[in-house]
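Here is a short report on a protein chain. It covers its packing, a surface patch and some local contacts.

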Amino acid sequence: MIQDIITYFVNNGQTYLTYVGQHLSLSIEALVLACVLALPMAYFSYEKPWVKQVSTLLTQGLRVIPSLGILFILIPFIGVGRLPALIALVILGIPPILLQTIIGFESVSDTLVETALGLGMTKWQLLNKVQLPLALPHLLNGIKLALVELIASTTLATYIGAGGLGTLIFTGLGLYRYDLLLIGGGLVALLSFVSMVVFDLAIKGVTHDET
């Protein structure tokens, strides 16, 4: 198998880098868009209880739908390719970021908020200088969970022609090529592991700074 792996890289090195680039770009774009949508939603959910109820029900409903199901639901409306894959991944990325950020905001002491307002802080200053820094560990944890899920789920984007490392994985499954499975699946696992380690270190650093 080692010889097969070496042979693959010798003959298909550029193609492999293309798959890696597709996988990373799709995952990161989905994460950024999920953050853009989830973070304001989390703040409004913290401020308005009814928004929190709607957001919680919505995210719980989204988490019930499997990744592949979301992809296939979108096909009749926007076809196949990168766009439906990106939309599906954004939908998958929102719940962990949203829920963890709400938990982070709720962990901020009411007494601390009242004291800050009593000192004359505006709501924007309160958010920027008090609430967001204190909620940051939970926020980063939500981003970590979302990124790990997105890296894994992006492999399914191959089914609708969005490319990525899933191409190698499903080709390997179809041809019983264990070298392709290892090359594709191994890097997906490695990317997920590295993401977890990096964010865990960031969370530990932020928590240490606060203490």
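## Surface, core and local contacts

Ile87 is partly exposed, with a relative accessible area of 31%; partly exposed falls between buried (under 20%) and exposed (over 50%), with a 1.4 Å probe and protein chains only. This is a predicted model: local features need pLDDT of at least 70, side-chain atom pairs count only at pLDDT 80 or more, and totals for chains, interfaces and linings use all residues. Residues are numbered from 1 along each chain as its sequence is written, and side-chain values use heavy atoms, without hydrogens and water.

Ile87 sits in helix α4. Helices are DSSP runs of H or I with at least four residues, numbered from the N terminus. Ile87 belongs to a nonpolar surface patch with Ile65, Ile73, Phe77, Ile78 and Leu83. Together they have about 550 Å² of accessible area, by the Shrake-Rupley method with a 1.4 Å probe, where only the protein chains shown count as cover for residues. Nonpolar side chains are joined within 5 Å, like charges within 9 Å. Helix α3 gives the most to this patch, three residues.

Now the interior. A nonpolar core joins buried Ala, Val, Leu, Ile, Met, Phe, Trp, Tyr and Cys residues through side-chain atoms within 4.5 Å. The largest has 47 residues. Tyr16, Leu31, Ile97, Leu165 and Leu168 touch the most other members. At least two residues each come from α1, α3, α4, α6, α7 and α8. The largest share, 12 residues, is from α1.

Contact means heavy atoms within 4.5 Å.

| Residue | In contact with (within 4.5 Å) |
|---|---|
| Leu168 | Tyr8, Tyr16, Tyr19, Leu180, Ile183, Gly184 |
| Thr154 | His23, Leu26, Ser27, Leu89, Gly163 |

Thr154 lies in the loop between α6 and α7. Is Thr154 buried or exposed? Thr154 is buried, at 0% relative accessibility. A polar atom of its side chain is 2.6 Å from the backbone oxygen of Leu150. A polar contact pairs N or O atoms within 3.5 Å; within protein, one must be able to donate a hydrogen and the other to accept it, and residues adjacent in sequence count only through two side-chain atoms.

Helix α5 spans residues 110-118. Ser109 caps its N-terminal end, with a side-chain oxygen 3.2 Å from the backbone nitrogen of Thr111. Gly120 follows α5, with a positive phi near 100°.

How values were computed
Patch = residues over 30% accessible without salt bridge, like charges linked within 9 Å, V, L, I, M, F, W, Y side chains within 5 Å. Salt bridge = Lys/Arg side-chain N within 4 Å of Asp/Glu carboxyl O. Lists of a residue's contacts leave out its neighbours within four places in sequence.
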